[in-house]
Structure formats: C-alpha cells, structure tokens
Amino acid sequence: MRTRQVLALAAVFALVAVSVGAAGLAVADDHAGDDSDSDAVSADELTLEDLRSDGTRHGNSPDSVRLDGERMMWVIHWPADAMSSNPGDPQDDSWRYLSPGETVDRNSVWLRTINLNDVEETTVHVAYYEIGEREVRVGENTTRTEQYAKNVSTEEHNVTLQRGWVMQEIPLRQSDDPREVTMWVEGSEELRWTFTHESIATTEGLPFSTWGGALRWASLVLILPIGIGGVLSLAGSKAIVRRTGVGPQWGFGLWSAAFAILAFIIVVSFWGDLANLLVEHPYALAIFVIAYLFVLMLETFDHGVRRIRFEKSDLTPTSSPAGDRAVDELSEREQTLTVISREDQPLSVATPGLIPFLARLIGGGAAVLRTVDPEHENADERGETDTVQDPLTCRVPVKEGHVDEKVYVHPLSPDVVDFEPEHFEINVPAPESADEWLSFGVRAFAMLAAVAFAMSIAGTVAGFLTLVAGVAWIAVRPVEGYARVWAAPAHYRSARATAISLAEETDDAQTIEREREKRIQSEITTQRDIMEAVDSRDKTLIDGMFGVDEEVLDGGD
C-alpha cells in the first residue's frame, strides 16, 4: 500500500508540473511593433467606409492574393493552434492564406511577394479600429442608427523587399479583445487586406507584478482549490467504492497515460481555446488535477479485492493399474475473476473496466457471488442454495503468480462460473398510462432545454454532447450482473493432493508388475511351479513396493 501511495504522489507531482508548464507556454509572438511609427496616417481622416475597403480578390487565386499592375502580393499567417510550427520559416507548411472574416491570433502577419527588380523600400500601413453605433439625426424629427469606426489608431512599417521570393513580417499590436484591422501598401488602392485580430490569451499581461502577488495568486487559484478538492475527492471516492466494491481497475499507469494523451490532444488541437480558458478561468487547471487525483484514489481503495482463478476439471472413467475403477482428467477449464471479500459485505464479483464501473455505480453495486448445487433438494430453479455459505470453500492460496487464490469448481458443474458482467442496455419502454407519458414528456423537455442552453453558451459541440448525454439518460439503463459457482466440496482439495502423492507409487507398482509377469511366464512349467511362482511374485511385489526385508518377514531381528 505504501508503494502505491508513493507512486500516486509522484504521478500527481509530475502531472502538476506538466500542466503548469503547458499553461505557461506562449506559443504566439508578442511583437509590440517597436520598429513602427504610430499615427503616421491621421486616424481622423479614416472613415468606416475607407477602413472596410478591401483589395480586389481574384476567383482563381487564394483569397489574400492582390494584383496591382505587375506587382503581386499576398498575406499569410501561422495560427496559434499550430504549436509545433515555426512562424516565419518558409519551410514550415503550417501557414495559411489570410481569408476575409478570419481572425488572426498571433501578433504578426507575413507579407509575401516575388520581386524581380532590385531591392525596394516600401511602407505598409496598419489601422486598428472597433465598430460602434450612434444615432444620427435625419431631418428635424427623424433619427437613424449608423455604424462608425471608433478607437481608430494607425501605425506604419518600413519594409525592405529583397530580390527574389520575399517574406516580410508585419508586427501587430497586442489585442486582448477582437479588433478590426486594415493593412495596405502605401501608394496602392489594390494592395489592401482587412481582417480581425485577437491575440492569443497567453500573450496577455500577468495579474501580478511581484513575487508576493505570484504567491498569493498561486495560493488562491491552484494550491487552495487542489487542497480542498483533494479532501472532497478522498471522501467521494471512498463513498463510491463503498457502493461499487472497487474502482475501474485500470491501475495508476493506464490512468496516467489516459490523462496525458487527453491533455496532449486538447493542447495540440484546441490550444487557442484552451489558452483563453486557462487565462480567463485559471482554476480550470486545478479542476484537471483534482480529477486526476480522484481517479487515482478510486484505484487506491482496493482492500479485500482479490484476483481468483476458478478451475474445473473435465473427468472421464478409466481403470487403475490394478484394474480397479478410476477416473482420468481429459482437460481443464479456468476463469479468472475479481472477487471482493469484506467482513461487512457478501462476496461479490466486479468486472474491470470503466463501463462496468459506471454500471455498478448507477445500478447499485457488484454482482453477489452465489453458491449453486443443482443436485441439492433445496435448490431453486437456478440451482442456488443457502446450504453452503462460502462459495470459495475449496480454495488454495497462490504465493507466486498473477492471481491471489485458486478455487476448485465441482467437476459436474456445466460452467466454470455462471457469470454475466454488469453492463448497460438500451431500454425504452413504451408509455402506457398518463403518468408514464407525463414522465417521458418531462424528460424529453428537460433534455431539449439542456441542449439549447449548452448550445447558447458553449456552441454546437457542447450541444451535441449534451444531446448524447440526454438520450443516454432517457434510453440507457444499467443491468446488474450475476455470478454463480458450484464449488467443489471441501475434501476435493485433499483428494487431489492425496492422488498426486500416490501417483509415483502407482507408477512403481505397474512397472514391477510388468517385470515380474515376464519372468514368471518364462519359468513356470507345472501347476506346482505356477503356485510357487505366484507366491514368489506376491512376495517380491510387496518387497519392491514397500521395501520389506526378508528378515522381517521371517521374524528375524
């Protein structure tokens, strides 16, 4: 138990370290445009119509390609979700063409062109603005609402276009909230691009500026929630294991791998959304760690849980070396189960896995291991009887191996263990009465309301997941498992051990018998010789089997 606790603690520290490291990654460039000249173009001169003016897009070209006479330019960007990318590297294929309505989440875009002339100096202007609404008077008694550009700011960047293929970075200002951006090359009405910019959350400023602030923030956001959540997880996991008998039985290693893979997929696939979540709600990281602690605690409470191998021999009639009636073993069948044995609970069987665990949690517990004896006069239609209280009466502890015990099953049992694991099944009973129709309608309405609410606050994916959960709530039911075993009688174990210990002596008797029979057949000639040979054979057989000295048989000292 101490080793399991040490491993669990080490895994927790490793997960916390990895999670905090992932949360601190800043995969977006945070250029602030230090090499640019702000307000190079007066913001007051730019109207919303001017700022919305975009260059001409050509149907057979990507959206960001612009043509102005012999010059062709296009704009690309590297999404922040591409964590392994190297923005600005021409060999990195993670870039995308800038498309209308697309949101740039890094603090840079890249201007590309093919310069066939000498080195050229040019200026790129960037304007940032927000769209507001205002009331405008039309006539004396009429007003209308119109949109206008507000909080307009501009900057310019002097760029050098080398000869050949050109890729020039254009830095963008930090935008904690979405802002509209218009970018254009000076002196051209066609080389213009419009897009939305919102910096990825990891480029935002920290909520503290001193070590004291950092410690206070970490205590309130991480340490305190994890501490309280750990205590609640301990109490909750004990209550759940008391109901289910045992956890999912995946082990620390599998759970750690599952959480690591899940974290990797989320970080790689949804880094932008994840960064926003962790910046706006940093305690989400604590919730992830608490969930990991919770599943480890579920696996830790395994008191009274044993892996038991049930063995059943398939027997057939035969004869012993002496010609007596005997039995032989044709084959053996076995089945390994997880058996829960606690003082205050009956023996029960729990199937490893997450789905059986949830079925036990919702359905009411593990399958009770019952004793059957079809030949008993008090047995019911399933062969169950209460005459044998311990289904594991004929057991043998296993000191080395993959199980804790082995149990012998009665040879006449049709199955090793009549076992059906707990599971879920789809069961939608047709409503018949008014109350049943009312209950069904309430559930359906609650499901649809939950789906609508989830879609309104978290989007389509959340709505779909809520719909799946609602259908499962209405149509899926847990099915309780059962386990029945016809245990071998208590003396069966002793009989097997006795037979094994006598096997070598039986082999010796058979060998001596054959040897003596060959010699007797070659020596006897008369009936008297036959009788003497038989007596001699019996005497020699006894001496060979039991090692009796002739002096003892003759009464000597």
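Predicted model: local features only at pLDDT ≥ 70, side-chain atom pairs only at ≥ 80, totals over all residues.
Strand 7, formed by residues 120-138, pairs with two other strands. Its pairing with strand 8 (residues 142-161) is antiparallel and extends over 18 bridges. Within this pairing, valine 136 is placed opposite arginine 144 of strand 8. The two strands form a hairpin in which 3 residues separate strand 7 from strand 8, and glycine 139, located in the turn, adopts a positive phi of about 75°. Strand 7 also runs antiparallel to strand 10 (residues 179-185), to which it is joined by 6 bridges. Tyrosine 128 has valine 181 of strand 10 as its bridge partner.

The unreviewed UniProt entry lists residues 217-240, 252-271, 283-301 and 445-475 under "transmembrane region". In the model, residues 217-240 are 100% helix and 0% strand, with the end C-alpha atoms 33 Å apart. Residues 283-301 are 95% helix and 0% strand, and here the end C-alpha atoms are separated by 27 Å.

The model contains 16 salt bridges. One of these links glutamate 405 to arginine 306, with an N to O distance of 2.7 Å. Because glutamate 405 belongs to strand 17 (residues 405-408) and arginine 306 to strand 12 (residues 305-319), this pair ties together parts that are 99 residues apart in sequence. Glutamate 405 is buried, at 10% relative accessibility, and arginine 306 is likewise buried, with a relative accessible area of 17%.

A further salt bridge is formed by aspartate 418 and arginine 484, whose closest N and O atoms are 3.2 Å apart. Aspartate 418 lies in strand 18 (residues 418-420) and arginine 484 in strand 21 (residues 482-485); the contact therefore ties together parts that are 66 residues apart in sequence. In this pair, aspartate 418 is partly exposed, at 29% relative accessibility, whereas arginine 484 is buried, at 13%. Elsewhere, salt bridges with shared partners join Asp54, Arg57 and Arg66 into one network.

The structure holds 1 cavity of 30 Å³ or more. The largest cavity has a volume of about 40 Å³. Its lining comprises Asp54, Ser64, Arg66, Leu98, Ser99, Pro100, Trp193 and Thr194, a set that divides into 3 nonpolar, 3 polar and 2 charged residues.

Note on methods
Residues numbered from 1 in each chain as written. Heavy atoms only, no water. 1 Å grid on protein atoms, 1.4 Å probe; cavity = no way out; pocket = protein on both sides within 12 Å on 5 of 7 lines; lining within 4 Å. Points joined across faces, edges and corners; volume = space filled by probe spheres on them. Nonpolar A, V, L, I, M, F, W, Y, C, P; charged D, E, K, R; others polar. UniProt positions renumbered as here; feature names shortened; annotations may be inferred. Helix = DSSP H or I, 4+ residues; strand = E, 2+ residues; numbered from the N terminus. Pairing = 2+ DSSP bridges. Salt bridge = Lys/Arg side-chain N within 4 Å of Asp/Glu carboxyl O. Buried < 20%, exposed > 50% of the residue type's maximum accessible area, 1.4 Å probe, protein only.
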